[in-house]
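Biologist: Please pick one part of this structure and take me through it closely. Then show me what lies around it.

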Protein chains: 2
Amino acid sequence: MSKLLIFGHQSPDTDAITSAISFSYLQNQLGKNTEAVALGEVTDETRYALDFFNTKAPRVISSAADEADEVMLVDHNEAQQSVSDIDKVDVVAVVDHHRIANFQTANPLYYRAEPVGCTNTIILKLYKENGIDVPKDIAGLMLSAIISDTLLLKSPTCTAEDEAAAKELAELAGVELEAYGKDLLKAGTNTADKSADQLLNSDAKNFPMGDLTVRIGQVNVVDVDEVLNRKDELLEEMASQSKAEDYDLFLLVITNVLESDSVALVYGDQKAKAAEAFDKEVDNDLILLEGVVSRKKQVVPPLTKALS
Amino acid sequence: MSKLLIFGHQSPDTDAITSAISFSYLQNQLGKNTEAVALGEVTDETRYALDFFNTKAPRVISSAADEADEVMLVDHNEAQQSVSDIDKVDVVAVVDHHRIANFQTANPLYYRAEPVGCTNTIILKLYKENGIDVPKDIAGLMLSAIISDTLLLKSPTCTAEDEAAAKELAELAGVELEAYGKDLLKAGTNTADKSADQLLNSDAKNFPMGDLTVRIGQVNVVDVDEVLNRKDELLEEMASQSKAEDYDLFLLVITNVLESDSVALVYGDQKAKAAEAFDKEVDNDLILLEGVVSRKKQVVPPLTKALS
């Protein structure tokens, strides 16, 4: 049996990395031969979780077909967020919690999506359905993903299932949810030693909306000004990347994880239309997004509606 | 709470009709307000099952947005197999066992696909996961779908899970699997009083392959000649429908349900290429497909590969 690769999306966040690890462990317990890999380097936040729970970061790959015929996707499904040669491998399973778009297979497959806050909340159900125990360190990684995706259960994407899963996993992992959660989120908010490119793209995805390609990055901070002080530098980088990659619109959503508010830095011809999506105007290249913390639930749907 | 509509694909077969009924019952038990509807009239086979298990055929709809904001899809996901105005409603759940293609949502949703032989095999799992008992008549309808989709457990699409589900459902429904199964399949093989259009389209679907639109119908018989005697009439109808609907290729897969063999009647410029997909040649507008009974597993994948 040849090896199956399992990976999350490009610019991996904590859920993309850890859901590959937790789903790969489950699949291997069920008799498959899989390896969790990643489509990019881990973030500071993910590194904190991996170190805390004694786990090595997955190997980074840039193509899959040279080493595997079959892959499983976690925490994404859209081709443009996946490995570059996704069209050359068979996707045999997907576990995800996003919209479905630009995803196509020739054959029937296993696809499990639920509208919950975190892929690992679904994976915990899969462990239970298959009667497999979650090891302590993997429980800690899964918990870290839920904390990361729901901003410590505060995001509107957080469901009762995510909350119950987080509590159960914290117990299994032997940590105190609130204290560990704050430490984890803070570990991901260091922006000072990051380049403009890193701020823009560490957690960024492309979204086709109508005929447009919209790039949306998100960065978590405890002090928004730390990033806004570098606005000119960021806009210059957004302009150059938009030209090189044909983005029609580039947003950087800067989220204060303690206050649960965001402001979006925007670049591109469509920026006024983007602001309208939120009943706002662009002010100095910024759109104020009060109460917005979720790209998936609070940013992508209104933008898709306005631009499609 | 407004009503949610649940439906299977156009040209509904027994699984498309009964999975809407069984999934709607489950959703209503879980507190949702749903109605099972259909995108076409039921076949003779489905009628036999509905009559046997005291159930009325679902109401036929031709559009959804005029009466519902949200829908759930069963036994299909591709837009061109769905209701005509699928782009005007929100798909909030899908339960399916086919490839995923031409399916797109703006929001996260519940999506449950597994590579098993029948949608109702998955729905039986959902009853169990939610702790809901399957009523006797619904068990009989679900069983009928498994028999229909797997040709009484003989199709290569039939998995161990389908077989176990069929046995369990036969028990719940109070019928003997083998005897009821043969009666059901035979009820669906009466071709004498059907028009050419009915033979072609009673169980037909469109498949985009590359830039081409391929129409594939399937008809179950106990005597292949009963259909082949009407070859000229069928080819004439295929020509006229291909012109009207812009099909690039039209196949009618004629399957002997007792022998588990098929022969395909083909029309269109691409027919030689279609034959090559099976390492065959077209002989008198026919391609012999020994051992082929499953459109999904044995017809669509090689054709997709050859034509894309």
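Modeller: His9(A) lies in the loop between β1 (4-7) and α1 (14-29) of chain A. Keep in mind that this is a predicted model. UniProt, in an unreviewed entry, marks a "binding site" at His9(A), Asp13(A) and Asp75(A). These residues are spread over 67 residues of sequence, yet they cluster in space, with a largest C-alpha distance of 9.6 Å.

Now follow β1(A) into its sheet. The sheet is open and has twelve strands, with mixed pairing. Read the order across: β3(A)-β2(A)-β1(A)-β4(A)-β5(A)-β6(A)-β6(B)-β5(B)-β4(B)-β1(B)-β2(B)-β3(B). The edges are β3 (59-60) of chain A and β3 (59-60) of chain B, and each of these strands pairs on one side only.

How do strands hold on to each other in general? They pair through backbone hydrogen bonds, either parallel or antiparallel. This sheet has examples of both. Look at the place where the chains join. Strand β6 (residues 110-113) of chain A runs antiparallel to β6(B), and three bridges link them. In that pairing, Ala113(A) stands opposite Tyr111(B). Now step further into chain B. There, β5 (residues 90-96) of chain B runs parallel to β6(B), with four bridges between them.

Next, the whole contact between the chains. How many residues does each chain give to it? Chain A gives 22 residues, and chain B gives 22 residues. The size of an interface is often given as the accessible area lost when the parts come together. Here the buried area is about 2000 Å², and carbon and sulfur atoms give 57% of it. Three residues stand out on the side of chain B: Arg99(B), Ile100(B) and Pro108(B) supply 26% of the area that chain B buries against chain A, more than any other three residues.

What about charges and polar atoms at this interface? The rule finds zero salt bridges between chain B and chain A. It does find four residue pairs in polar contact there. Two elements of chain B, β6 (110-113) and α11 (295-307), each give two or more residues to the side that touches chain A. The largest share is from β6(B), with four residues. Sorted by class, that side of chain B has eleven nonpolar, six polar and five charged residues.

Salt bridges do occur elsewhere. Side chains of opposite charge can pair when their charged atoms come close. Over all chains, the search finds 30 salt bridges. One of them joins Lys128(A) to Glu168(A), with the closest N and O atoms 2.8 Å apart. This pair links distant parts of the chain, 40 residues apart: Lys128(A) is in helix α3 (residues 119-129) of chain A, and Glu168(A) is in helix α5 (residues 160-173) of chain A.

Last, look further along chain A. The unreviewed UniProt entry annotates residues 181-307 of chain A as "domain: DHHA2". Over that stretch, the chain is 41% helix and 28% strand, and the end C-alpha atoms are 36 Å apart.

Notes
Residues are numbered from 1 along each chain as its sequence is written. Chains are lettered from A and ligands numbered from 1 in the order in which they are written. This is a predicted model: local features need pLDDT of at least 70, side-chain atom pairs count only at pLDDT 80 or more; totals for chains, interfaces and linings use all residues. Side-chain values use heavy atoms; hydrogens and water are left out. Contact means heavy atoms within 4.5 Å. Buried area is the accessible area (1.4 Å probe) that two parts lose on being put together, summed over both. A salt bridge is a side-chain nitrogen of Lys or Arg within 4 Å of a carboxyl oxygen of Asp or Glu. A polar contact is a pair of N or O atoms within 3.5 Å; within protein, one must be able to donate a hydrogen and the other to accept it, and residues adjacent in sequence count only if both atoms are side-chain atoms. Ala, Val, Leu, Ile, Met, Phe, Trp, Tyr, Cys and Pro count as nonpolar, Asp, Glu, Lys and Arg as charged, and the others, Gly among them, as polar. Two strands pair if DSSP finds at least two bridges between them. UniProt positions are given in the numbering used here, feature names are shortened, and annotations may be inferred rather than shown by experiment.
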